[in-house]
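Open your viewer and get ready to select residues as we go. We will stop at a few places along the chain, and each stop comes with a note on what is there.

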Amino acid sequence: MYSANSGRRLEKRYDTNRPELYEEVKLFRNAREREKYDNMADFFALIQTLQCLEKAYIKDAVTPKEYTDACAKLLAQISAAFNLVKSSTYPDIPTFMRAFVMDCPAAAQRIEEGKPITIQDNQGNISKSVADVVSMYITLCDKLQMQMRAKDELYADLKHLADVLDRMSILPPDFEGKTKVYHWIGELDKMSASDCLDEEQGRQMVFDLEYSREAFNRALN
């Protein structure tokens with residue numbers, strides 16, 4: 001039950017005559033400490049930005065060229081910014097990300113590799129890339145011939161095929177096989193997940209993919 005005595009105790013506990021209780025708590029005590037926290041905030045923001053860029057590329061919201069240019073710039077900025085953050089507390093970037101519970105797996109992988117996903121070394125990767133391309137051509141044509149013509153049955157494989165072709169620097173910039181692939185990505189982008197290509201579109205897509213595969217084989221030879 002509330003009493004006058006308890007009210008007086010409450011007033012004493014929250015005494016407005018103690019201004020120190022209402023002072024703003026600062027992270028820093030001097031200009032040097034302020035700069036330290038500013039540098040950490042900038043570095044944190046760069047990693048978050050890289051994560052957003054990676055997700056945008058996965059969702060096909062940016063073109064490969066836009067992604068490559070932006071990613072290369074961000075990686076350079078992250079490298080420079082970390083030099084201002086690096087210390088015994090944060091000896092490397094993964095340690096910094098764990099300390100601040102940063103859930104940015106795509107950014108972490110990109111930082112580890114040190115280059116955009118669209119730029120890969122041919123040495124050691126060319127055989128795998130060729131195998132991936134051939135496999136995707138066969139998979140897509142097989143699906144279409146089995147009447148699997150819905151967007152959600154084709155889009156992921158088609159996008160993967162385009163990504164691998166983009167990463168292969170041995171192909172010329174104007175490689176004609178990519179034109180056919182990107183044409184069908186554009187057509188599927190206009191559709192909802194459950195929409196299907198009609199029979200004529202399915203036959204045309206098979207024709208275009210087979211043409212693209214032949215162009216790919218010619219480019220390799």
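Start with Gln147, which at 53% relative accessibility counts as exposed (over 50% is exposed, under 20% buried, in between partly exposed, with a 1.4 Å probe and protein chains only). This is a predicted model, in which local features need pLDDT of at least 70 and side-chain atom pairs count only at pLDDT 80 or more, while totals for chains, interfaces and linings use all residues. Numbering runs from 1 along each chain as its sequence is written, and side-chain values use heavy atoms, leaving out hydrogens and water.

Gln147 sits in the loop between α6 (126-145) and α7 (helices are DSSP runs of H or I, at least four residues, numbered from the N terminus). Check its backbone: phi is positive, about 65°, although Gln147 is not a glycine. Most residues other than glycine have a negative phi.

Next, select Val101, in the loop between α4 (93-99) and α5 (105-113). Val101 also is not a glycine and has a positive phi, of about 50°. Its relative accessible area is 71%, so Val101 is exposed.

Now show α7 (residues 151-167) with α9 (residues 199-220): their axes, lines fitted to C-alpha atoms over the stretch in contact, come within 14 Å and cross at roughly 20°. The two helices are therefore roughly parallel (angles under 35 degrees).

Finally, display the side chains of Leu154, Leu158, Leu161 and Leu165 of α7 and Met205, Leu209 and Phe216 of α9, which make the contact (heavy atoms within 4.5 Å). These contact residues divide into seven nonpolar, no polar and no charged.

Notes:
Axes fitted to C-alpha atoms, helices over the stretch in contact; angles between N-to-C directions. Parallel < 35°, antiparallel > 145°, perpendicular 65-115°, else oblique. Nonpolar A, V, L, I, M, F, W, Y, C, P; charged D, E, K, R; others polar.
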